[in-house]
Amino acid sequence: MHRVLISDPLSEEGIKPLREADDIEIIKETSMSHEELLEAVGSAEALIVRSQTQVTREVIEHGTHLKIIGRAGVGVDNIDLDAATDNGVIVVNAPDGNTISTAEHTMAMLMSLARNIPQAYHQLQQKRWERKKFVGVELKDKVLGIVGFGRIGREVAQRAKGHRMKVVAFDPFLNEEKAQKAGVTHGTLEEVLQQADFLTVHTPLIEKTKHLINEEAIALMKDGARILNCARGGIVEENALYEAVKSGKIAGAALDVFEEEPATEHPLLSLPEVIATPHLGASTVEAQENVATDVSADVLELLRGGTVRNPVNLPSVSTEMMEKLSPYFTLSERLGSFVSRIAEGTFEKINVYYSGELLDIDTTPLTRIAVKGILGRYIGSRVNDVNAYKTAADKGITINEQKSTKTKGFTNLITVEIETDKETRSAAGTRLNGLGARIVQLDQYSIDIVPEGHLIVIHHTDQPGAIGRVGSLLAEQDVNIATMQVGRANEGGEAVMVLTVDKAIDKQAADQLSEIADIRQVDYLTLK
Ligand SMILES: NC(=O)c1ccc[n+]([C@@H]2O[C@H](COP(=O)([O-])OP(=O)(O)OC[C@H]3O[C@@H](n4cnc5c(N)ncnc54)[C@H](O)[C@@H]3O)[C@@H](O)[C@H]2O)c1
Ligand SMILES: O=C(O)CC[C@@H](O)C(=O)O
């Protein structure tokens, strides 16, 4: 049974797949103290949060069984990603589910800001019929400056164009061509600041965007421009904004987010030109259902041994690339496990070579998995795709990935090699059309084995009778041989036998095998 802790309010509809799963136990506790959270996370394999729960290093380190942290939303600034990676915990988010809601909220804020709707309503509530005080401005023909032209920025642009606004956008990944396609003007940050009547930010909060809209940036803006932030508190520097609104340089601001939340006492809230909502961008029935559904699917998938769709602390791989790589995941891991079981000595370097149709694609995800397979011999399930490289580095093991044109006649070939302080050992594998994965080379020997089940690898001297003696001894142990591959360097020279057997053999049987004359090394392993 996998225990999943949900520590922020999440849509019940969205987490239905988790609720209905026989192998999942949900603990949904949304008003825990810090101490209660530390205790609850201790037995959880998955933690699912929105933006309230602060998933600090301390929380992650208390989660000794944690495999995955799911963020039902986009921003992961409430999660210590380094700590998650250090501890081999994968972090996933739900990047698409609340895009539309947040873009719509931005538009609601834009219109409210242009027409003073919250302020006028507030006056009416005070029984004051004020009309002169609340003369607004039209959106038509005004320039909307967008900083951050990602998922939400693009949706906001489309909607603003519907209001016949002129949109000018800046994003490091936006060029003339892409801007033209989206029907917006591409500008530098300075140009966007200078031209905007309304400026809206839609970047993540990262080192580069912290206080991006500061005193100097605001100084470049038109007098009487307006600023919106429905992304993250801190992208717009709050003190600078306060001073600019107070001085009249900025005519108004609309904020959904603050540097410190909750922000009920914030000085900006005392300014009548500033309207605000308490981080409501994603607060719609639809968005909450979407993000909870997406994150639940990834959590369920990972806990059942599958692959997640929206990893944050792993390099993301496009769907197209994933389709090319995924057939090789199991092969890479099993090659790693296989070679790690036969290599003796302290591991110093891991080399992974790719050739054939793997030559032209980014094979890093496969190398991670091969490294995971190798380190699993010593570290077990504590090593995973997330921390494989880091764990290797911590142990002083160098990883080297190379492309090679030597295909040895295969359309694709992966070779995993381990250099130890004593020897260098390698195994190569391929995927054969219609036949699946095969290990086709062990060191210098050509073999052909399916990388699964119970294997015995025997290094011996090529002498008559060696194979027969192995067969008899295994028969005495009631171990049935399913397949046997034999390779040799030359007649009477060094040779290898790789057997697949129907059940695992124990150490005692392996010891007896190693006592047979001419046998130098026996390794037995299970690939699954
Ligand atoms: N208010 C809410 O409830 C709410 C809801 C969802 C998302 N968000 C926030 O909205 C923001 C945008 O989300 P998204 O889904 O569009 O993200 P996204 O990743 O799709 O887009 C972000 C864009 O910002 C750009 N960017 C990064 N650094 C930049 C810089 N220095 N200058 C200009 N552009 C830069 C990136 O290139 C990217 O295109 C995030 O901060 C997210 O956390 C808020
Ligand atoms: O959980 C929320 O409501 C906020 C979500 C939002 O800020 C996000 O980054 O996805």
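1. Helix H7 gives the largest share of the shell around ligand 1, 3 residues. Helices here are DSSP runs of H or I of at least four residues, and strands are runs of E of at least two, numbered from the N terminus. The model is predicted: local features need pLDDT of at least 70, side-chain atom pairs count only at pLDDT 80 or more, and totals for chains, interfaces and linings use all residues. Residues are numbered from 1 along each chain as its sequence is written, while chains are lettered from A and ligands numbered from 1 in the order in which they are written.

2. Helix H7 (151–162) and helix H5 (99–115) each supply at least two residues of the shell around ligand 1. Of the 33 residues around the ligand, Gly-75, Gly-148, Gly-150, Ile-152 and Gly-281 come nearest (near: C-beta atom, placed from the backbone, within 6 Å).

3. By class, the shell has 15 nonpolar, 13 polar and 5 charged residues. Gly is counted as polar in this scheme.

4. Ligand 1 lies between domain 1 (2–97 + 286–303) and domain 2 (99–276), because both give residues to its shell. The domain bounds come from an automatic or database domain assignment.

5. An open sheet is formed by 7 strands in the order S8-S7-S6-S9-S10-S11-S12, with parallel pairing (two strands pair if DSSP finds at least two bridges between them). Strand S8 (185–186) and strand S12 (274–276) are the edge strands, each pairing on one side only.

6. Strand S11 (residues 250–255) runs parallel to S12 and is joined to S12 by 3 bridges. Ala-254 stands opposite Ile-275 in S12.
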